[in-house]
Structure formats: structure tokens, C-alpha cells
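Subject: Structure handover

Hi,

Here is the structure for you to look over. My notes follow below.

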Number of protein chains: 2
Amino acid sequence: MFESAEIGHQIGRKAYKEAEAKLRQALLEAQYQLLESKQRAVIVLVNGVDGAGKGETVNLFNEWMDPRHIRTEAFATPDASGEDAPLGHPAMWRFWQVLPPKGHVGILFGNWYTDPIVQHALGHDKESRFDERLTEVRAFERMLSAEGVCLVKLWFHMTKEGVAKRFKALEKDPKTAWRVTAHDWERLKHYDRFVPISAKALRKTSTGEAPWLVIDGSDPGYRAITAGQYLLDNLLRALQPFAPLGIGHAAPPPPPPLDGRSLLATQDYTRTLARSTYEDQLERLQGRLNKLLRAPEWKRRSLVLVFEGMDAAGKGSTIRRITQALDARHYRVIPVAAPNEAERAQPYLWRFWRYLPRWGHTTMFDRSWYGRVLVERVEGFCSEPDWTRAYDEINAFEEQLTQAGTVVVKFWLSITQEEQLKRFEARQNTPHKVHKITPDDWRNRDKWPLYAHAVDDMMDRTSTDIAPWHIVASDDKRWSRIEVLRLLCERVEAALDTKG
Amino acid sequence: MFESAEIGHQIGRKAYKEAEAKLRQALLEAQYQLLESKQRAVIVLVNGVDGAGKGETVNLFNEWMDPRHIRTEAFATPDASGEDAPLGHPAMWRFWQVLPPKGHVGILFGNWYTDPIVQHALGHDKESRFDERLTEVRAFERMLSAEGVCLVKLWFHMTKEGVAKRFKALEKDPKTAWRVTAHDWERLKHYDRFVPISAKALRKTSTGEAPWLVIDGSDPGYRAITAGQYLLDNLLRALQPFAPLGIGHAAPPPPPPLDGRSLLATQDYTRTLARSTYEDQLERLQGRLNKLLRAPEWKRRSLVLVFEGMDAAGKGSTIRRITQALDARHYRVIPVAAPNEAERAQPYLWRFWRYLPRWGHTTMFDRSWYGRVLVERVEGFCSEPDWTRAYDEINAFEEQLTQAGTVVVKFWLSITQEEQLKRFEARQNTPHKVHKITPDDWRNRDKWPLYAHAVDDMMDRTSTDIAPWHIVASDDKRWSRIEVLRLLCERVEAALDTKG
């Protein structure tokens, strides 16, 4: 959920100054237009890790726009402070009291996500109650969207180490030392409990019309411009005519990263493996996998593998290294291309449901349902509302798989642009491989940054507690294959440990 | 939930024959147009009480339309029959296999509602698991709607007595005796367990884009034409252009009852109360209510009363009989008129949230949020998608109230058209009452059948397990006031018994 927010996004001081000047003016203009149009309200939810810049961002928004028309509200959890206690009112009552009217912007700092996450993390609410509350939140936000409210959900993220480093830096300087309290350090201890629970909350409530935007909080400039730009996108969206078609228009798509940094560009591509080591490890891992999948517990479990990656990343050859370890009666490899006519006449996920493995079986998807948020998104093969709601539908799909006992393991085989070029050229110069390279491959290559951006969004929204993504640097094929097999064995072992 | 389906709707043989001939042709035409347009698929869910005509309706649909383009599927619950067991696939897997492609009609007889209801009724699934499954169903249907699938959800209802009577009639005739098995009688024993669980399922899954239509199953002709006509409405809706705006267009509104019968017309208006009995009972009930609301448990409970009814039904005077029993510091009466400008700038329910009582307090709404599905619907003050989604939002709202410890008691004070005329005339002829009658009142009176229809739909969709409606015949003011007070005391007593 937070992958792309942990790669240290940043922009320089000069770039910040320039972007800020333009952004401020655009925000102010959009705010006044919204006020005049009176068509829709905008609600900004500010959540995330403590120390990742939530308060600073709220302050900036109030500085950049006209604060007279912004209603900023901070809510503590009812337990923490008697004053905010709802006195027997439903939990949502407090928020109904501060909804901004049409034309206005409301910033809710501490909101309907805070208490459910806190109560569950502290062990006061069981998982089933937490789920129930998230369901209520979904219904509430759905109603708001249908009423024309534009929801801007910002999640500021930082690694635990990043937060600790920031606290220490603040403490060192006498001028800022006061900003870090014992309470802050105390709360940091709970980081590891809060983050997975938050990830679940994000997964369950990132819908097509009200998705979460995860923002790397480590660089103040990057974080401020990213948040401000996304707010601007939403204000502009809120100025467009709104038709009550049962539900609000889709939210704007996630913005491209300001600094152009991407998860794919920040992998370590230098690791290699000698042939002899590779062959030795390959054989051992294949044996381990084979044995694991013959465990009696596997009679009531199944395995779904997803392979995605740029063209020529080595998906096919990696899959072959896995199938070598399996009994042919128990697996299927499904290559996924453009949908045929019968598939286009069905809901998007239909064609994948057809190939789900029964207990004891494995299906390997060579490309998958993620095409919706990769190629279909980038090439415009589906509409924006279609791919923006796909993240949520995919998460629901994978949750159902998981609940049925299926282990879902997703690999992104990641190669650099240089390595891809090498492989393309090799294919063109090798007679028996020349059929593997098409003009489409070259065209896709030109869209590399768009794909990289789509991958970041995909990781943020679909690398979940129940079905995480594994990004495997694959410039070195041997290293990559061993890594995939190793990760796969580990995931299967973990699954056998927890249930079966 | 099933109120309007228990008043014995029926149409005569001749009316049936005429309607059937027209309907068949229209259905067939619409079916072919759908097939040609290939824009959307239509899925009909057939559910309800056993013996209320589910199978017969499915047969009729296949007879009326071209069965080559209808895919009819019957699903048993996985437990009941080994054949259909999903072999480790997610529960939804079976249904994905039979989704009709665009242009086609699928009839699912036994579907994604069957197993959750059965498993919970048999005690295999706990309430929290049941809720979870309903949440999954909502997400699934939402995806289908967003994909352009038009969902037609039919619930056939009959009273337990009605079913028993039908079984006996079938058994008596040697030609039909085979249709009733020991298993049918066995299942009828569970009627009282199934119905409230079904009601909850309907409440949780009746959304703006995929609402349930509850159909009185007691008269074969009425039930067939009602179901067929609603299917036709949906087919015609499915022919309209579909824009992927995040969610499918709203479903067509519920059709008016064929026989013109309404809940309001079938109340018993003959009961009256002598003045002396009335005064005696009034005093006793007011005392009982006062005592109940001073119970210490009430310190963590609250009370919301909703009064709705046609003009001059006696809402105000009834409320006064209740307030006489209460401490003025602990209640508020909120008269609800057309929303003002500030209220129109907020989501619809906003203005009611403002007046929710805190613990120990009571709010009485003289008209309420139900205006959305009554006057706003009938007068066209809001769009059709707005009022069709309101049922679901209102149920979610009342569920939150209930969870916060609020007892929600809703009264429809029901008068006949004749009685209303008498009261209007009395108002016009009484100087100190003449201000109470406006041209609007006369205009509303002309729309009586539209309001009666809206009331039936409101009862079907919002008289729920957590917040049932009480229809009180109010032609006799004294009888009505006593009845309201009596029901109110009972509801408060029941609440004190269960929790506090």
C-alpha cells in the first residue's frame, strides 16, 4: 500500500518555489470559482503517519487559499478527550456537524478514519467490528459522492526510521525541539501495529469515486506540492457540471510523481548470479517447491501466481522454471492478451474467474487482471472511471480468493530500459526469436514513464496485506528466477503455517 | 419490509389475459432490441418465500420471451448438494460462470443471496459472517452495475398462513398433490426464522442502482404481471445509452400496484373510542411513558419519533399528547418543511443529523427525512436517482442511530380521503383554523394515489427489523392517539428489555 511512498521522493528548493507560486494562484482561483458555482463541496481528509507532515500540509492549504472559506476541523478520538465525546450520538454525528456547504472546502484533520483505526490498533475493537465500521465509512462516502461532494483523501506516509530520524533532527535544534514530545516517541512504538491496520483501511475504502492518494512525507517540498496539486485537480473536477446519476463522477486520476522517481527506477539492478550457483540453487528451490505443494494441507488450498512486467522482462522463461517443479496435472499457465469478443461482452474480471484453480491446483497468469490498470489505462482502452474503480474491484477479487484458501502471489519482473533495449535487439537479430518482437513493443517502450507511473499507482493501491506485490529486479535473469522461486517458497510456507 | 405484499393484491382473470397479451409482445420486442444493441446484460434474481411463485414466474418468463437468449440457472446451496460445491473456489465463482453476456438475459433462481441467508438461518454462519457476506454481495452488484449490467431483483413474498393454505389447496387436488412434498412442509416450519433474516438481507442490499422489488405472491395473475412489467421496465432501461460514470444508471422506479390496492386503503378505519375510555387510557399511558423514560437505563439511550401522514392526519395533536407526558428539558419537537438555502447546500440528511437527541433525550420529527421519498418524489423536487437511493441511505442512517442506543419509532397516521375532506372543510369553516389550510393542501389531495403508492414503496423498503413502521388508522383521533401511545410504550419497554 505504501511502496511508492518509501522511495524518498524529493524536489529541490528552486523547483519548489516555482511550483508553489503557480500552485497558490491556481488554488485560489479555483477556490473562488467553486464558491461562486455553489455546485459542489470539497472535503479534504488528512490522515497518515504521525510526523509525516499532516499538520504542516493543513497549515499550507490555509495559507495558500482564502481561509475564510475553508472550514478546518481537527477531531480527537472520542476516548482520548471527553470534550469531543458524542454523548450517545452515532459515531458519524460529529462529522455531520461540520460538513462544508456547497461551494466550500472542508479540511478534516482527524476524521472518520481515525477512531476505527485507533480502536482496532489498541485492541478495543475486534477485527469484525473494524470491518463493520469500514463498511459504514464506505456507505457514508458513497452517499457524499452521490450528493456531489468531492472527497480528497490524502494519506501521508513515512517509514518508521524516517520518522525517528525527523524527530531526532527536530530535537537537536533548540528552536524546534519543543515540537517533539514524549508522547510522539511513545506513539512511534506503535508504528508497526498501526501501519498494517491502516493499510487494510485504505484497501477497503479506496473506491473509484473516493480513492486514497498516498504521499511520501519525507521531503516537505515534495509532499506539499503533491498534495496541493492533487487538491487543485479535485477543485477543477468539482467545477465541472455534476449529474446525479446515482453516484458522483469519478475522482481525478492519481497525479504523476513530481520528481519523476518511480519504484521501478529505484530497484537495485546490480545483483547477479554465477551460472553454477544458479543451477545449484534452482534445483534445490524447485525441489523445495515441489515438496511444499505435495503437503497434505495443500488439498484444501490453491495457488494463483501473477506475472507482470515490461515487455521482455522474462515472464515466460521464469514461469517455465516454476512449471518444471510441478506436476502437469495440477497447474495451468494462462497467457493473457487483449480480450476477445465474448470476453468484452462480460464484466472485466469475468475472463479470469474462468481460470481459477480448484483446491490442490495452481494457475499461473502470464499477464493478468492488472492489464486494466496498466495497458488499458495507458493506452486508453478503457475509460478513466473504469480503471480508477478497478483497483477496488481487484482488491475485492483477491480478498475472495484469499478467503477461499487461495494463496495469491504477484510478481513484477522489473527490468531497466537499457536492458530492455538489449533484449529487443537480441530478439531482432536471432531468427528463432524475431517473432517475439513487434512494432507494438517499440511503441510501448516509448511510453515507459507512463507505465512506470501506472506501476507506482498499482503498487500503492493493490499491494495489500492479503496479496502483496513482489518487485523483482530482473536485469540478471538468473538472479531474478532464483529470487522468484525463493519468494514463492516462502509465501507457500507462510500459508501452510497459518492455516491448513 | 414485506408490508405491502401482505394486503392480498389481485387482478381478475380478464384483466390478466389482457395485460398478458400486451406484456408478452412488449417483452419479446424489448428482448430482441437488447440482443441487437449488445450494450448491456440483464440479470434477473428470483428469490423469496418457498411457495410464493418463484418457479412459476421463471417458467412464465421463459414462455413469454425467446428462451434461446435467456440463460436460466438454478443453484442449490453448496452444502445441500455435492455437485454444485465450489471445490475450493470462492463462493462467487459459480455465479461468474453463468453471467449472461451483453445483450442477453440471465435468470438466476437460487443465487448469491440463497446461501448467505440459509447458512445464517441454520445457525452455521454467525451474524457477523452474514453481514460480511452481504457486504461482499453489495460490492459485487456494484461492480456489475458499473459494468452496465442491469440487475432485476424480485422477492416473492407470502404470509406463513398464505403458504400453508396454498399447500393444502394443492394437496386436495389429485392433479396437483405431487407438487407439495414433506420437504415443503418441513421448510415452512422455518418460515419465522427465514423471514427476518431475509428482511435484513433486503435492507442491506437494496441500493439505488439495484433495489429489491417485493411482490405479493398470493395471486398468480397479479404476481406474474407485476414481475413481467418490472422486467419490461428494466429491459427498456437497459436499451438506453450507458455511460461509465463510475456506476450504472439508477434502476427504474418501483411500479405502481396493478390493482390499485394500497396499504393505506386496507387499514381498518372503523375502530373508535368513547371519550371517557379515551381520557382514562390517555392518562394511564402518559404516566406509563413518563415512568419508562425516567428509568436509569435511559441515561444511555435516546428516542427518535417520526410522524408522517397525509395533511390533516393529526400529527401535531398526537405529538402534543406525547409531550404532555415528558419533561420539557428532555425533548424537542422539530417541524420539517421545505429545506432552506443552507440546507439545500448540504447532503440531504444533514438537516436531520443536527437535531438528533443526546442520551436521555427525545426528538420528535413532525414530518422527517421521509419527505425525500414522499413529497420530493411525488412533486419531482429531487431527481429519480436521488430518491431511489434514499431508501438505502435512510436505512443506513437509522441503523447508525440504533447502534448508538437510539430507539427509532416511526408512525404513519393514516386517514381516509373522506375523513381528510371533512377535516379540510372544518378548517376552512373555523376562523382560528383557517390558516392551517392552503391551496397546497388541496393540490396534494389530488395526488392521493401517487402518495399512497409512495407510502407502499416506503414501507417495503424502510420498515425494517431495526426500525419498523407503525401504520395507525387515524380517522378516529381518540383511537389513534391511544394506539400511538400504546405502541410507543411497548417499543420503549422492548428496548429496555434488550439492552441498557
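**Chain A overall**

Chain A has 19 helices and 10 strands. Both are DSSP runs, numbered from the N terminus: helices are H or I with at least four residues, strands are E with at least two. This is a predicted model: local features need pLDDT of at least 70, side-chain atom pairs count only at pLDDT 80 or more, and totals for chains, interfaces and linings use all residues. Residues are numbered from 1 along each chain as its sequence is written, while chains are lettered from A and ligands numbered from 1 in the order in which they are written.

Along the principal axes, the C-alpha atoms of chain A fill a box of roughly 70 × 55 × 50 Å.

Of the 500 residues in chain A, 47% are buried. (Buried: 20 or more other C-beta atoms within 10 Å of its own; exposed: 12 or fewer; partly exposed: in between; C-beta atoms are placed from the backbone.) Among contacts in chain A with a separation of 6 or more, 83% join residues 24 or more positions apart. A contact means C-beta atoms, placed from the backbone, within 7 Å.

**Positive phi in chain A**

Most residues other than glycine have a negative phi. A:Ala312 has a positive phi of about 70°. A:Ala312 sits in the loop between β6 (302–309) and α11 (315–323) of chain A. It is buried, with 22 other C-beta atoms within 10 Å.

A:Arg367 also has a positive phi, near 70°. Its loop runs between β8 (362–366) and α14 (375–378) of chain A. A:Arg367 is partly exposed, with 17 other C-beta atoms within 10 Å.

**Helix α15 of chain B**

α15(B) covers residues 384–403. The expected span is 1.5 Å times one less than the number of residues. A kink of about 35° is centred on B:Ala390. The bend is the angle between axes fitted to the seven residues ending there and the seven starting there. In α15(B), 17 of the 20 residues are buried. Just after the helix, B:Gly405 takes a positive phi of about 95°.

**Contact between the chains**

Chain B gives 52 residues to the contact and chain A gives 52. On the chain B side, α3 (93–96), α5 (127–146), α13 (350–353) and α15 each give two or more residues.

Best wishes

How values were computed. Contact = placed C-beta atoms within 7 Å.
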